[in-house]
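Have a look at the chain first, and then we will visit the pairs in turn.

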Amino acid sequence: PLDYPCVYYKNVKFCTGDLLLFRSLSSMHMWMIGDKFSHVGIVLVINNIPHCLEFQPPNAKLTPLYERLDKYKEGVICVKQLQYDLATDRNVNLPLRIADMLSFANSLKYPETFAQTRDVHVRACVTNPWIVKNSSDYDCRKFIIQVLKRLGILHGNEKVACNIATWLSELSYPYGEIKKLSFFDETCLEGNADFWSVNRKKKKK
């Protein structure tokens, strides 16, 4: 398990711009690229309801956040939260930026065949994430880089590492420390306990 502090997911106040980092042990491209995480999403709060925006076959998807989290049974989810609330920043017209970003997301299509998808993941590791010519240049990581730019969190001049998901997980300000989401009430957790360690304890009883 990833050695991060745990937090019960219903105790997290999710805000627009928070990063969601998924780690599935069955993910092929995580091992191909050598990234720490297999998938990346971002939180958008729309009409006071948090959603998860992500890019996966066949296109970008916007799902109510708790629905997305509750359905994920393949591994570990971590969160990296912004240290300020974009909604209270007077210099940011957040509704306009979110509308622009959703329009951008709706225009994208994911490659349809496995061969194309595999090629995208390989190219994501060796090409500049700021330079994307068409939809086939995107994977979930490059998509999030562009979303962060459109939200004004990144500015386009940052030097993004080859393993984009790992780079995102290690971002400092404006992001805080990374935490592992737990789907058990905090009363059953000890230290860095997670889904796997809690279940092992249950089986021993």
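Our tour starts with arginine 150 and aspartate 100, which form a salt bridge whose closest N and O atoms are 3.1 Å apart; the term stands for a side-chain nitrogen of Lys or Arg within 4 Å of a carboxyl oxygen of Asp or Glu. Because arginine 150 lies in helix α5 (residues 140–151) and aspartate 100 in helix α3 (residues 94–106), the pair ties together parts that are 50 residues apart in sequence. Helices (H or I, at least four residues) and strands (E, at least two) are DSSP runs, numbered from the N terminus.

A word on the background: this is a predicted model, in which local features need pLDDT of at least 70 and side-chain atom pairs count only at pLDDT 80 or more, while totals for chains, interfaces and linings use all residues. Residues are numbered from 1 along each chain as its sequence is written, and side-chain values use heavy atoms, leaving out hydrogens and water.

How many salt bridges does a search of the whole structure find? There are five. Another of them joins glutamate 54 to arginine 68, at 2.6 Å from N to O. Here strand β4 (residues 49–56) holds glutamate 54, and helix α2 (residues 65–71) holds arginine 68, 14 residues apart. Glutamate 54 is buried at 1% relative accessibility, and arginine 68 is buried at 14%; buried means under 20% relative accessible area, exposed over 50%, and partly exposed in between (1.4 Å probe, protein chains only).

Finally, meet glutamate 170 and lysine 36, bridged with their closest N and O atoms 3.6 Å apart. Glutamate 170 is exposed at 53%, whereas lysine 36 is partly exposed at 26%.
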